[in-house]
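Please read the following note with the sequence and the model open side by side. Each numbered point may be checked against the structure in turn.

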Amino acid sequence: MSIHIEENLFSLETKNTLYQMMKDPYGQLLHLWYGKKTDQNMDYLINSNEINYTGVLYESQHDRSYSNDILPFELPVSGHGDFRISALSIELPEGSADLDLRIKEVIPKDHKEPLNGLPYSHDGKNEKAEAMDIVLEDHQAAIEVILHYSVFYETDVIARSVEVINHNEKAIRIRRIFPISLDFQEQKFDLIHFYGRHVMERQFEREPISHGIKNISSSRAMSSHQHNPALILASPNADELSGPCYGNLLMYSGSFAGLVEKDQIDQIRLLLGMNPDHFSWTLESNERFQSPEGLMSYSEDGFSTLSHNFHHVIEDHVMRGRFAKEAKPVLLNSWEAAYFTFDGLSILNLARETKELGADLLVLDDGWFGYRNNDYTSLGDWQVNEEKLQMPLEMLVRQVHQMGLKFGLWIEPEMVSEDSDLYRKHPEWAMVIPSRKPLVARSQLVLDMANPEVVNYLYDLFSKIIRDTHLDYIKWDFNRSPDPLYSSVLPANRQSEVSHRFVLGTYNLLERLTHEFPDVLFEGCAGGGGRFDAGMLYYTPQIWCSDDTDAHERTKIQYGTSFFYPIRSVGSHVSAIPNHQTRRKISLNDRKIAASPGTFGYELNPAELEWSEKRDIEKQIIEYKRRQPLIFDGNYYRLSNPFEDHAAAWMFVDKNQDKALVQGMFYRFISNYPGRKVVLAGLDPDKKYEVTYSSFPLSSHGRFEEENESAPAKAIFSGQALMTGGIRVQTSMNDDAGFELELESLN
């Protein structure tokens, strides 16, 4: 059993952690402990000293040590004596926001219930979640708040969401709601978060938590390039393989906020949920509001274990359908090969080249619809431009299928061009404030996904395209943030709901299309990695990691991404050189290495390659397909911090610790330098491993087993030696030089 209810003590247990709450003498729900198992009621840690200038409950007014301003709450609310940041704020009918929540009942459940209209963690093939609801109520205000918990025992993950029910005869207004809330007393933490911009997403940043409030957020109605809805609290001494750390991940693709406060007595509160700056929600009498779900995990053994927990829970309990676990096709995307300049014949030629390389899927990117010969027009007019293709799309897809290739299309459903038939017919469907000139980005506007009529139109249109053409793949792009946030179907006093309703509309469209077409692989994209989050992974089991395909920059982007998101979800490709974003030139082999920790593919025109480069790509694809089970199903370890070490190194280890793949890139060549050392991780210390290094000789003092000049170098090491002393590697005499090692157990 993962859930234990003992009178006033409520405990959630996973394989390695304990999460504990209690009902205090006045019916409030306090948070006692989250961390390593203790076999102990942890209520003795509650601060019992009097703190001056803090309010106390009316019932406890003679006990001045019992103050809501210093108690650790499971759901801190606005008002009622707690002056710290709040996880829930509700404007009551009389205009105040003072909530007084007390426990009404605790309900264990034998199954987890779905969240209406939102992505959520679900039962997996080999593990079912145990669930529990804690019902809180403000009796005088006639409001119920339900905390929904579910426990994934084997993956050490706990999920929580918040539901508000209005039993008042009058409407109330939710002003903020955070499904993740953690209180810590007198602990020192570093905050790790992932900032960025377009073509530089999820950059790792670590900083000590100081007094005051830190805000990591997006107000862009998308999880954004600028920040990711993922936060880690880490002990100052925590690293990849040791030390306590807490991971927090929001399953939401819209505006979010992560807040961390260190108060006057060094207590720390972390909140992660919907951004309150652009959100409020009117709840009429007897209506409910459901928050997104948050995922929490604790590791005593550093960041690698924490990442494994999130990788496994997303693979087993977030992603759905056949593509959550199946092998992924190696694809070639037409964008950098052709941009807008193509016709059906050139795409068929590209398909032949793609097939000869050994790839599985050809993707026709932007430009196949309307009058789309540039990015100024035709978004929203999703009718095939047969004049440009010089053939029906169905015929093109059929001929590609006959070559033995799968076929995919790029779409951008939520967008509309001002120069489009759709906008001319339905200007009210765009998010434009009447009487104002619209804000334009990339020469496009945003469709009002809060309008069910728009969502229904898009569903009918795209379901017909997929059905008629027998597509195998959809790349779902989203290339600008919605602004202004305005919907013509909502009254003025509910425009603050548009941001969330926009996300709900997108989820509705995704749910309907992915449900109807379970054999179509949907890949998420938002100007690259602007909507890389667990909410999208519920619908799209892979996401384009970044529009920056430069191998050097990608290793940093993929480093940050790997802290929470599994490798099988990361869209990563080898692209043309000079790189189209940075103009950097990196060898084909080293570009392959950088793209290997992901779904793999190519962004280039094979017709422009030398014969030898084509043969190298053939070998790369064969090699990647052989390795893909290890890359997808093995445990992933970060072996360096590219923001500090001037090198990126990582490895995959299979579940039995029999096979491993080590890869990496040294960013700068240093002359007259005796090689580089990499310390490995995740191996069995008692096993012997044969190490194969196929590109350059190992510096291992003559223990190679070379059968001929072209044979790869091999050597034998103990797992203990490789994880303690490491291994020296040689690379080419270039900047951004990659390396690879394959390990196989001899035991």
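The points below take up a sheet, a histidine, a helix and a loop residue.

1. Basis of the note. The model is predicted, so local features need pLDDT of at least 70 and side-chain atom pairs count only at pLDDT 80 or more, while totals for chains, interfaces and linings use all residues. Residues are numbered from 1 along each chain as its sequence is written, and side-chain values use heavy atoms, with hydrogens and water left out.

2. The sheet. Helices (H or I, at least four residues) and strands (E, at least two) are DSSP runs, numbered from the N terminus. An open sheet is formed by four strands in the order E11-E18-E17-E14, with antiparallel pairing; two strands pair if DSSP finds at least two bridges between them. Strands E11 (180–184) and E14 (212–218) are at the edges and have a single partner strand each, so one side of each is left without a neighbour in the sheet. From one strand to the next, the twist averages 10 degrees, an angle between N-to-C directions, which run from 0 to 180 degrees, of axes fitted to C-alpha atoms.

3. Seven bridges join strand E17 (residues 256–262) to strand E18 (residues 268–274) in the antiparallel sense. Lys262 has Ile268 of E18 as its bridge partner. In general, strands of a sheet pair through backbone hydrogen bonds.

4. His122. Is this loop residue buried or exposed? His122 lies between strand E6 (102–109) and strand E7 (130–138), and it is buried, with a relative accessible area of 16%. Buried means under 20% relative accessible area, exposed over 50%, and partly exposed in between (1.4 Å probe, protein chains only). The side chain of His122 reaches the backbone oxygen of Val318 at 3.2 Å. Residues that His122 touches (heavy atoms within 4.5 Å) include Phe152, Asp316, Arg320 and Tyr538.

5. Helix H5. Within H5 (residues 393–402), the residues Leu393, Leu396, Val397 and Val400 are buried. They cover an arc of only 95 degrees around the axis, which puts them on the same side of H5; the arc is that of the directions from the helix axis to the C-beta atoms. Among the elements covering these buried residues are helix H3 (344–357), strand E24 (406–411) and helix H7 (452–469). After H5 comes Gly404, with a positive phi near 90 degrees.

6. Glu608. This residue is in the loop between strand E32 (601–603) and helix H12 (611–633). Glu608 is exposed, at a relative accessible area of 64%.

Technical notes
Polar contact = N/O pair within 3.5 Å; in protein donor to acceptor, adjacent residues only side chain to side chain. Lists of a residue's contacts leave out its neighbours within four places in sequence.
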